[in-house]
There are 2 protein chains.
Amino acid sequence: MNAEHSSIESAEALVERLARAGRAAQRVLARLNSAEKSAALHAAAASLRAAEAEVLAANARDMAAGEAAGLTSALLDRLRLDSARLAGIAAAVDQVADLPDPVGQVIDASQPANGLALSRVRIPIGLIAIVYESRPNVTADAAALCVASGNAVLLRGGSEAVHSNRAIHAALVQGLESEGIPAEAVQLVPTQDRAAVGAMLTAAGLIDMIVPRGGKSLVARVQADARVPVLAHLDGICHTYIHAAADPAKAEAIALNAKLRRTGICGSMETLLLDAQFPAGQVVVSALLDAGCELRGDHRACALDTRIGPASAEDWDTEYLDAILSVAVVDGLDSALDHIARHSSNHTDAIVSQDQAACERFLAEVDSAIVMANASTQFADGGEFGLGAEIGIATGRLHARGPVALEGLTTYKWVARGTGQIRP
Amino acid sequence: MNAEHSSIESAEALVERLARAGRAAQRVLARLNSAEKSAALHAAAASLRAAEAEVLAANARDMAAGEAAGLTSALLDRLRLDSARLAGIAAAVDQVADLPDPVGQVIDASQPANGLALSRVRIPIGLIAIVYESRPNVTADAAALCVASGNAVLLRGGSEAVHSNRAIHAALVQGLESEGIPAEAVQLVPTQDRAAVGAMLTAAGLIDMIVPRGGKSLVARVQADARVPVLAHLDGICHTYIHAAADPAKAEAIALNAKLRRTGICGSMETLLLDAQFPAGQVVVSALLDAGCELRGDHRACALDTRIGPASAEDWDTEYLDAILSVAVVDGLDSALDHIARHSSNHTDAIVSQDQAACERFLAEVDSAIVMANASTQFADGGEFGLGAEIGIATGRLHARGPVALEGLTTYKWVARGTGQIRP
C-alpha cells in the first residue's frame, strides 16, 4: 500500500510503522511456495501492463516537473518512460517470476555422530530497504526480486520520480494482492519526508539489509551512515592488465570493448595496465585513441603515442564513467598486481594473456569481487553471469559479493531433526 | 608479534598501524596452501606445549592479581590455567589444523551463454578482530581458526588475563613463524589502551569483521557501537515446545537435558512451552522441580504444581543461564509459534512431537538460526554440528548464522575464465 504520512509523525515513527507492517507481511510471504510467488509476480506484471495509461500519465507529470526544475538531459532520460520502456519493465518482472526459487534449497546436509539429521536451508532475509534515485524501473525490479526471494521491501525512490513510482507501485501491489500477497509486502516510503532515509539507515532490528541504487554520493552517504547492513559498491575502478604473453588481437578487442562498449557502467575499464614486454602496446593505445577515447598515461605510456596526455596522481583512483582511460606501463605480473592492490575498488579486474600460469596467479591473487582472464570487464553483470537479474553489485566482503540476485537476498537456518536425542 | 605501544600514539593510530601490518601479513597467509597452514598450526600447538612453564607462570601472575582485585570465583575459574587445561588448548589447535580447508573450494561453477567459464571460489575474509574477556583459551582458539581460514587476526583480550594472553600469543607466534607465517598475522592489541576497543569497532575498511566473545555487556557494546560488521549473538533465549503428540518419556528427557545439563551455555533452554493437550505436563514439570530447577509459570503452569512460582512479564524475555526456567501452557502449535516469534532471541528453538507434520511446520516457521525437532537445544554447538570448532554462534541474518567455524570466516570471489570474449 502507498503509505499515508501524517505531518505530526516523526521520520523514525514512520519508518518503524512501515517496517513493522512489512515484517508482518513478510511472515505471510515466507509461507508461500514457489508457484504461488511466481503466479503473484506474473499477476503484478500483467497489472503493470494494464496500468500503462496511468503510469505514463504519472510519468508525464514527473517529466514536466523535471523539465521545469531544470534537470539535466541525462537525468530526464533516466526518468522518462514510454510504452516500450514500460513493456520492458513488465517483461523483467515476468522474467524474475520464472527464476528458480532459492528459498527452501538445502545448502548441505549431514548426520553427525550424535545422530541428528542436520541441514542448512535457505530462507528469506526478512525486510529489505532499497534507496534509489531517478530510475522508476527500480521500483518494479527491486520489488520483484524481493518478493521472489520471500522478502518484504521498503522502496524509497527519488522525489523527481514520485508520481511514476506511485503509479508503478500501485499497479504492482494490485497484481500481488490478487494472488494473496499482502499489500504491505511492498511499501513505498513517502519522498516528502526527507528525514526518512536517515531513519531507515539506522533502523537496526527493523530493517535487515539496505541496498542503495544510484550515484556515488547516495551510496557514500548510505555506507557512511547506515547501522543496518549495506549491500553496495561505491566505485567501479576496473583494471585490465595486458600481459607480455597476451594475444595482440584479443588484447586490442578486449581493451576497446572493456572501455568503450558502454562507458557509463560500473564494469567499464578505467585503467589499462600494459606490460612493458607486450609487443603491441602501441597498437592497442592507437586503436583506443582512434576510437575517440582520451588517454592519460604515465611517462612510459605517453611515449607510445603523442596523443596521450600525462596522468595525475588522482587519475589512478578515478572512475571516469566516460571515454577517458588511464594507462600505465608495468614491469611484469607482480608490478601489475601491486598497482591493482593499491588502486582497485575491488569490483572487477582482468588479465589478458595466453600464459595460463600467469592467468591463474592473477585470478588467485587479485582480491576483487570479480576477477577475469581473457574477457572484457563489461561482462560484470548478473544477467551475463546467468543470474537472470541483479539487485546490485557488491564489493563488501561479507554475505554476498559481485552481482547479487535472488540467492544474495536469502540467508539460511540450521534444521536439526532428532528422534529424542539428549546431549551427554 | 606483541604490539609495542607508545604512550603518545592515539588509539586510532595504534589500531590503524596494527591493522595495516595485519592486512599485509594476510596477503602472505592467503598464498599458503592447506598443508602449509596445517603444518604451521601444528607447530604453534607444539610451541604452546613447549612453553608450558612460561604460560603457567604468566597465568599465576594473572591469578594473583585477580585474587587481589577480588574477582569472583567464576571469573577466576575462567582465568585459571593448569597443565591439563593448557594441553587441552594445544590439542584444540591441533584439531583446527586438521580441519578441511575451505579456502579455494569452488562453491559452484557454470558456463553462461557468453562462453565464460564462471565459478565462485572461497577466499579468506581478510582481517578479523576478536574482542574477548577473561578466558585465555580464546587467544589460541581464535588465532587457530583465523589462520586456518587464511585470515589475519587482531586479538584483544581482557586486562585480567594480560600475562596469560601474552605468553600464549608469544608461543603461538613462535610456532607459526617457524613455518613461514608472518608474526603480524596474529597480533595482540595492548589492553592498557582502553580506547583501543572503540577504535577497532569503528575501523571500517581496515578490519573486515569483529567477533565479540564474552558476556552480554561486551556483546551489546560491540553491537551498538561497531561500524565494522559484527558476528555475534547477544542472548540465547531458547524455547522447547512440547506438542500434544509428544512422546512423554522423550519430552521429559529432552526438557531435563535442555535446561539442566549445563545451565550456563547459550543453547540451554530458558522457556518451556507445554501444550495444553499434552497429557504429561505435570510429570515433566515435577521432574524439573525434583532435579532442583526453579520454575516460573503462567497461571495455567502454576496450576500444575504448587512449587511453581508466578512468572513476571520480564521472565519471558530473560536468559537465566541458571537453574531457573519459565513455563507457559499454550493452546496448540500456532500459539507456541506466536510466543516464540515474540520472545525468542532467534538462537535455538525446539519442538518435541511424534506428529511429523507439526514438526515440519515448526521447523519451517520458527525463524531462528537453529531449529530442532525432538532433540535437546544443548546440541547448539559447532562441535556437535560437525564443524570441529567454532568462532562463535551468530544470530544476525547476513553472512553466517548459527555456529560459525572455518566456512563462516571465508567469503568468495567470482572467477571468469575466457578465451577472448567481448560483450556484444
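Tutor: Both faces of strand β12(A) are covered: A:T348, A:A350 and A:V352 are buried on one side, and A:D349 and A:I351 are buried on the other. A residue counts as buried if 20 or more other C-beta atoms, placed from the backbone, lie within 10 Å of its own; with 12 or fewer it is exposed, and in between it is partly exposed. Five of the five residues of β12(A) are thus buried. In a regular strand the side chains alternate between the two faces of the sheet.

The model is predicted, so local features need pLDDT of at least 70 and side-chain atom pairs count only at pLDDT 80 or more, while totals for chains, interfaces and linings use all residues. Residues are numbered from 1 along each chain as its sequence is written, and chains are lettered from A and ligands numbered from 1 in the order in which they are written. Strands are DSSP runs of E with at least two residues, helices are runs of H or I with at least four, and both are numbered from the N terminus.

β12(A), residues 348-352, pairs with strand β7(A), residues 238-242, in the parallel sense over four bridges; two strands pair if DSSP finds at least two bridges between them. Here A:Y241 stands opposite A:I351, and A:T240 has A:A350 as its bridge partner. β12(A) is also joined to β13(A) by four bridges, and these two strands run parallel. In that pairing A:D349 stands opposite A:V371.

From β13(A) the sheet passes into the other chain. β13(A) and β16(B), residues 410-421, pair in the parallel sense over five bridges, with A:A375 opposite B:Q421. The whole is an open sheet of 10 strands with mixed pairing, in the order β10(A)-β9(A)-β11(A)-β8(A)-β7(A)-β12(A)-β13(A)-β16(B)-β2(B)-β1(B). β10(A) and β1(B) stand at the edges, each with a single partner strand, so one side of each has no neighbour in the sheet.

The meeting of the chains can also be described by contacts, that is, residues whose C-beta atoms, placed from the backbone, lie within 7 Å. 49 residues of chain A are in contact with 49 residues of chain B. On this side of chain A, the elements that give two or more residues are α10 (248-260), β13 (370-375) and β16 (410-421). β16(A) gives the most, with 11 residues. 100% of the interface residues of chain A are also interface residues in chain B, so the copies meet through the same surface.

Chain A can be laid on chain B with an RMSD of 0.0 Å by a turn of 180° and a shift of 0.0 Å along the axis, the copies being superposed by least squares on the C-alpha atoms of residues with pLDDT of at least 70 in both. That is the relation of a two-fold axis. In chain A, the C-alpha nearest the axis belongs to A:H399, 1.8 Å from it.

As for chain A in general, it has 14 helices and 16 strands, and 54% of its 424 residues count as buried. By an automatic or database domain assignment, chain A is divided into domain 1 (11-231 + 404-415) and domain 2 (238-384). The C-alpha centres of these two domains of chain A lie 35 Å apart.

Technical notes: Contact = placed C-beta atoms within 7 Å.
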